[in-house]
Amino acid sequence: MGKIARSGVQELGEHLLGQARRAAGFVLDPASGVATAVETAKAVGDGVGVVLRGIASLGGLRGAAVEATWLAAHAVLYPWGAIAEQLRPGGHYERYRTDELPPTQRGLVVSNLECAGTPVVLVHGIGDNRSIFAVLSGALRRRGFGVVHAVNYSVLTAVTGDIRSAAAELGEHIERVCEQTGSDSVHVVGHSLGGIIARYYVQRQGGDERVRTLITLGTPHSGTLSAYLLPTKLVRELRPGSELMSELTQPAPGCRTRFVVLWSELDEVVIPQVNARLEHEDLDIEEHRLSDVGHLSLPIARRTVHAVLTALTRSDYRRPTHPHVACDLDHREEDTLRYRSGSHSSA
């Protein structure tokens, strides 16, 4: 894209940013005490501005196009995803022979049978269903995971439910998965709200006994200002500074679950985007930042899938001395991870 075209997009972005700052005051809940109308409007405007400025780049335009395309495809898949997935506990591993398995599956089974046999539970976001994981679930199965199970919770959860109850129901579902598969633990991947539900289960309901790894994709760990748009109990819990958000910041000593957090600067749902980061002194956290992937596209992005597969197949994992490790997913080299811990980095 030429400089003139980029300049036009940037000017449009700045114009819409100004409009957003002037109009965003309606999302304020005066009784919440979170911010004044001006501060809320500015924060929303800044979040929108980050997205618009991101779109002004070539990578951002590509990300926006992928987001729009996946939105259309997801709409087609949505009715199929509304059908609950039946758990197939045996998977590929009811027998020990690996002759018929593709090379990637055979390699994981032979090199790390425990890893291949650990169930992976997928938890979707608000108003969604398991169809959001159509790409990721297929990639996990091709990699060799024998049990990949997507959970569907009611679309009415956002209207009539709350996160604590949803977390308890997830815990019951995970217990059934463990019982039917004979596994002592599971991995969980949560998109958006699904990540908060799973995190609450892990931190506040003893779920760290069952959840070995929790991977969150575009999850508002510190809340999102877009939650002011719907005044239901569950959505209010997603507002920055809510009682539930404050509860999740409380100490969680001895938490055994490893957290892998993926967030994007182009996220149009989590505002401000940095609220999808997770910082907690008691949690073992690995963070991946993307710059050009939209909220809905996070579960299908190539770099996301690569990061998830890498995290779940790492057999040499040990709890680090420094619990927070930040990782950049380089959008210029899609399969390259750059790990940073303190001042040290490696490609």
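## Around H187

H187 touches T118, P119, V120, V121, F145, R212, T213 and L312, leaving out residues up to four places away in sequence; touching, or contact, here means heavy atoms within 4.5 Å. This is a predicted model, where local features need pLDDT of at least 70 and side-chain atom pairs count only at pLDDT 80 or more, while totals for chains, interfaces and linings use all residues. Residues are numbered from 1 along each chain as its sequence is written, and side-chain values use heavy atoms, with hydrogens and water left out.

So where does H187 sit? You'll find H187 in strand 3. Helices (H or I, at least four residues) and strands (E, at least two) are DSSP runs, numbered from the N terminus. H187 counts as buried, at 3% relative accessibility. Buried means under 20% relative accessible area, exposed means over 50%, and partly exposed is in between (1.4 Å probe, protein chains only). The side chain of H187 also has a polar contact of 3.3 Å with the side chain of T213. A polar contact is a pair of N or O atoms within 3.5 Å; within protein, one must be able to donate a hydrogen and the other to accept it, and residues adjacent in sequence count only if both atoms are side-chain atoms.

In soluble globular proteins, nonpolar side chains tend to be buried together. Here, the largest nonpolar core has 38 residues, and I163 and V188 have the most contacts inside it. Elements giving two or more residues to this core include strand 1 (120-123), helix 8 (163-181), strand 3 (186-191) and strand 5 (258-264). A nonpolar core is a set of buried Ala, Val, Leu, Ile, Met, Phe, Trp, Tyr and Cys residues joined through side-chain atoms within 4.5 Å. Take V188 and skip residues up to four places away in sequence: V188 touches V121, V123, I174, A198, V211, T213, L214 and I215.

## Salt bridges

How many salt bridges does the structure hold? There are nine, a salt bridge being a side-chain nitrogen of Lys or Arg within 4 Å of a carboxyl oxygen of Asp or Glu. One of them joins the side chains of R210 and E175 (3.0 Å, N to O). This pair links distant parts of the chain, 35 residues apart, with R210 in the loop between helix 9 and strand 4 and E175 in helix 8. R210 is partly exposed, at 21% relative accessible area, and E175 is partly exposed too, at 34%.

R277 forms a salt bridge with E279, with the closest N and O atoms 3.5 Å apart. R277 also meets E287 in a salt bridge (3.0 Å, N to O). R277 lies in the loop between strand 5 and strand 6 (284-290) and E287 in strand 6, so the pair ties together parts that are ten residues apart in sequence. Elsewhere, a network of salt bridges links R164, R204, E237 and E247.

V155, L156 and V159 make a nonpolar surface patch of about 270 Å². Patches are made of residues with over 30% relative accessible area and no salt bridge: like charges are joined within 9 Å, nonpolar side chains (Val, Leu, Ile, Met, Phe, Trp, Tyr) within 5 Å. Accessible areas come from the Shrake-Rupley method with a 1.4 Å probe, and for residues, only the protein chains shown count as cover. V155 lies in the loop between strand 2 (148-151) and helix 7 (157-160), and V155 is partly exposed, with a relative accessible area of 45%.

Check the link between I271 and P272: a cis peptide bond joins them, with omega about -5 degrees. P272 is in the loop between strand 5 and strand 6.

What about S192? Its phi is near 55 degrees, a positive value in a residue other than glycine. S192 is in the loop between strand 3 and helix 9, and counts as buried at 9% relative accessibility.
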